[in-house]
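Me: Please take a close look at the aromatic pairs of this structure and at the elements around them. A connected account would be appreciated.

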Amino acid sequence: GVADVARSAAFYDAVLSALGLHRVMQLPEDDGSDGVGYGVDYPVFWIDRFHPHSVRQHTAFAARSRADVDAFHAAALAAGGQDNGAPGLRASALGYPPGYYAAFVLDPDGNNIEAVLREV
């Protein structure tokens, strides 16, 4: 859930495009004021006005490369997101597995969104 679908959609349009995702569905179909679904061919992530917002969810999106993680972070900051962890390898001492390259950003509703590449 998001407080303002139009504001959040503008944010997620920019951020998720860095990971190869885009709007694939919106409700109502003419303007997307109720909800927007993101994916490649079908929705894998939704924002909408029907679910509670500002509950500080954490959603991780898979990246294909370190460059995608970096682009995700840069796009999020440029779109008004708040840095919550710059791109980089995460320490195994903090519980991350080896090769966990990620970036974290807070969206307009304070949700923690992450782009992650698990290098094996």
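Reply: In this predicted model, five aromatic pairs are found. One of them joins phenylalanine 11 and tyrosine 12 in an edge-to-face arrangement, with 5.1 Å from centre to centre and 90° between the planes. Phenylalanine 11 and tyrosine 12 are both buried. Another edge-to-face pair consists of phenylalanine 45 and phenylalanine 61, whose centres are 5.0 Å apart and whose planes stand at 80°. Because phenylalanine 45 belongs to strand E3 (residues 43-48) and phenylalanine 61 to strand E4, this pair ties together parts that are 16 residues apart in sequence. Phenylalanine 45 has a relative accessibility of 13% and therefore counts as buried, the cut-off being under 20%. Phenylalanine 61 is likewise buried, at a relative accessible area of 7%. A single aromatic cluster is formed by Phe11, Tyr12, Tyr38, Phe45 and Phe61.

Strand E4, which carries phenylalanine 61, leads on to the sheet. Four strands make up an open sheet in the order E4-E7-E6-E5, and their pairing is mixed. E4 (58-62) and E5 are the edge strands; each has a single partner strand, so one side of each has no neighbour in the sheet. On average, neighbouring strands of this sheet are turned by 20° against each other, direction ignored. E6 and E7 run antiparallel and are joined by seven bridges. Valine 105 has isoleucine 113, in E7, as its bridge partner.

Two helices lie across these strands. H2 lies across E5, E6 and E7, at about 10° to E6.

Helix H2 comprises 13 residues (66-78) and spans 18 Å from its first C-alpha to its last, close to the 18 Å expected at 1.5 Å a residue. Its buried residues are Asp68, Val69, Phe72, His73, Ala75 and Ala76. These cover an arc of only 165° around the axis, which means that they lie on the same side of H2. In an α-helix, residues three or four places apart point the same way, because there are 3.6 residues a turn. The buried residues of H2 pack against helix H1 (5-17) and against strands E5 (82-89), E6 (100-106) and E7 (112-118). Ala67 and Ala78, by contrast, are exposed on the other side of H2. Just after H2, glycine 80 adopts a positive phi of about 100°.

Conventions. Residues numbered from 1 in each chain as written. Predicted model: local features only at pLDDT ≥ 70, side-chain atom pairs only at ≥ 80, totals over all residues. Heavy atoms only, no water. Expected span 1.5 Å × (residues − 1). Buried < 20%, exposed > 50% of the residue type's maximum accessible area, 1.4 Å probe, protein only. Arc of directions from axis to C-beta. Contact = heavy atoms within 4.5 Å. Pairing = 2+ DSSP bridges. Axes fitted to C-alpha atoms, helices over the stretch in contact; angles between N-to-C directions. Phe/Tyr/Trp six-rings, centres within 6.5 Å; stacked < 30°, edge-to-face > 60°.
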